Amino acid sequence: MYKTLLGSQGFRSGMDLYFKRHDGQAVTCEDFYAAMRDANDADFANFLLWYSQAGTPTVKVTSVYNSEAKTYSLKFSQEVPATPGQAVKEPMLIPVAVGLLDSSGKDMPLTSVHHDGVLQVVSTDGQPAYTTVLQIKKEEEEFVFSEISERPVPSLLRGYSAPIRLDSDLTDSDLFFLLAHDSDEFNRWEAGQVLARNLMLSLVADFQQNKPLALKADFVHGLRSILSDSSLDKEFIAKAVTLPGVGEIMDMMEIADPDAVHAVRSFIRKHLASELKAEFLRTVESNRSSDQYVFDHSNMSRRALKNISLAYLASLEDSQITELALNEYRTATNMTDQFAALAALVQNPGKTRDDVLADFYGQWKDDYLVVNKWFALQAMSDIPGNVENVRKLLKHPGFDLRNPNKVYSLIGGFCGSPVNFHAKDGSGYKFLGEIVVQLDKINPQVASRMVSAFSRWRRYDETRQALAKAQLEMIMSTNGLSENVFEIASKSLAA
């Protein structure tokens, strides 16, 4: 945010002053802030609140276009939610980088903005700007752009200019437009993510009401156009076609429903894989390479795009795709490709999954870091009833409960599976409860990290709450419980 507000040169000047003043000293956030402010003679009113106020600010934005006056106004309001010990929050200084797109998807030139009765020039040396940083300092602010010849689509929070939750009045068609045209890659990606989050939440509601699930054609079309756009960076395409995770969607729900979110995410993945099968197959074909492994951007992005495409295709449970994935697995010249093919293959239970897991372990059993990845991959699986597989892996010769990294891979990995850790029958909670009690006698620090998986138990439905609470109470009632585990478990219960 300092760099966004001050520009690269201003930020550099602030860093130089910071080192000049404080080299070799123990320093505070306030010292860093003062160096940035003083080096640039900047007005940073209420910026220090970022350090002292807990909670993520929510910024709401509404827009109005006046075709007669050719002005476009953006109204911002900010709110920081109350947190324990801080009921009342003050407005913070929030830098919001903004651009405006015309109807052809090009950035509109910006010359000036009217704010607080003052006309601020945003052009430099007579050259118009295409992105400008608006400083939101009060609870409510309005910025008016003049000489705007048509209703624009705003590109807000470019480059993720502040760590906030943005709530805008952008319509789905605006978001599809940004997804197709925005010159800011973060916002282009974010537009796709917002569309995907909204789609997933509406489908979750349909699923909970036993309505049939259907995918909007324009969502599929949006992803098809990105997959087929050869001018885009391949790593960006890989990120843009990746759906928001189950945890992210559950965080947006009043009562988190892991089963519904997982069912919806799986439905969308399979539907996209089916609709875009030809594009995904073409992407795998055109991005594979038998050349020597090279660690650079073009090769990393090529692998990322190929492997996300393979993962989509593998969700189809099609024998030809299984052969394709097995071929990728066998011919891989590097761990990235081999492990990605393995991950694609183990999505579906059956003999192929068991065989390829055994083969991978046989190949890498002497490299403990790779074995940890192998454990984590199986532990995180959303295959129904996976808790039994994880119990079996506890007895695997490669596993050792006394080794923290193996525990993080297997037990921590299992806690990362929303479907199986939060299983409705409580089997996942029971498994973790038993493990925490065992671990506490071996390594209380590791045990306390594992018990923290229970910390958000109140986010779920009453059945799950009761089952998770029972495990926390069982842990609390254990004789000789360590202070580490007691602290986390008691705080979780009291939350």
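Before we start, one term: a residue counts as buried with under 20% relative accessible area, exposed with over 50%, and partly exposed in between, using a 1.4 Å probe and protein chains only. What you're looking at is a predicted model, where local features need pLDDT of at least 70 and side-chain atom pairs count only at pLDDT 80 or more, while totals for chains, interfaces and linings use all residues. Residues are numbered from 1 along each chain as its sequence is written, and side-chain values use heavy atoms, with hydrogens and water left out.

Let's begin with the strands. Helices (H or I, at least four residues) and strands (E, at least two) are DSSP runs, numbered from the N terminus, and two strands pair if DSSP finds at least two bridges between them. Follow the order β5-β4-β7-β2-β1-β9 and you've walked across an open sheet of 6 strands with mixed pairing. At its edges stand β5 (118–121) and β9 (165–168); each has a single partner strand, so one side of each is left without a neighbour in the sheet. From one strand to the next, the twist averages 25 degrees. Angles like this run from 0 to 180 degrees between N-to-C directions, with axes being lines fitted to C-alpha atoms, for helices over the stretch in contact.

Now zoom in on β1 and β2. Strand β1 (residues 58–66) and strand β2 (residues 71–79) run antiparallel and are joined by 9 bridges. Along this pairing, V61 sits opposite F76, and K60 faces S77. The hairpin they make has 4 residues between the strands, and there K70 takes a positive phi near 55 degrees. β2 also pairs with strand β7 (residues 140–145), again in the antiparallel sense, over 6 bridges.

UniProt lists residues 172–494 as "domain: Peptidase M1 alanyl aminopeptidase C-terminal", in an unreviewed entry; its positions are given in the numbering used here, feature names are shortened, and annotations may be inferred rather than shown by experiment. Over residues 172–494 the chain is 72% helix and 0% strand, with the end C-alpha atoms 41 Å apart.

The expected span of a helix is 1.5 Å times one less than its number of residues. For the 16 residues of α19 that should come to 22 Å, and the end C-alpha atoms are 23 Å apart, which agrees. The buried residues of α19 include Y429, F431, L432, I435 and V436. What do the buried residues of α19 pack against? Their partners are α16 (386–394), α17 (404–415), α18 (418–421), α20 (444–451), α21 (462–476) and α22 (483–494), where contact means heavy atoms within 4.5 Å.

Finally, look at the charged side chains. A salt bridge is a side-chain nitrogen of Lys or Arg within 4 Å of a carboxyl oxygen of Asp or Glu, and by this rule the count comes to 28 salt bridges. One of them joins D116 and K138, at 2.9 Å from N to O. This pair links distant parts of the chain, 22 residues apart: D116 is in the loop between β4 (112–115) and β5, and K138 in the loop between β6 and β7. Is D116 buried or exposed? D116 counts as exposed, at 53% relative accessibility, while K138, at 39%, counts as partly exposed.

D172 and K216 form a salt bridge too, with their closest N and O atoms 3.4 Å apart. D172 lies in helix α4 (residues 172–181) and K216 in the loop between α5 (185–208) and α6 (217–227), so the pair ties together parts that are 44 residues apart in sequence. To finish, find E285, R288, K306, E328 and D337, which are linked in a network of salt bridges.
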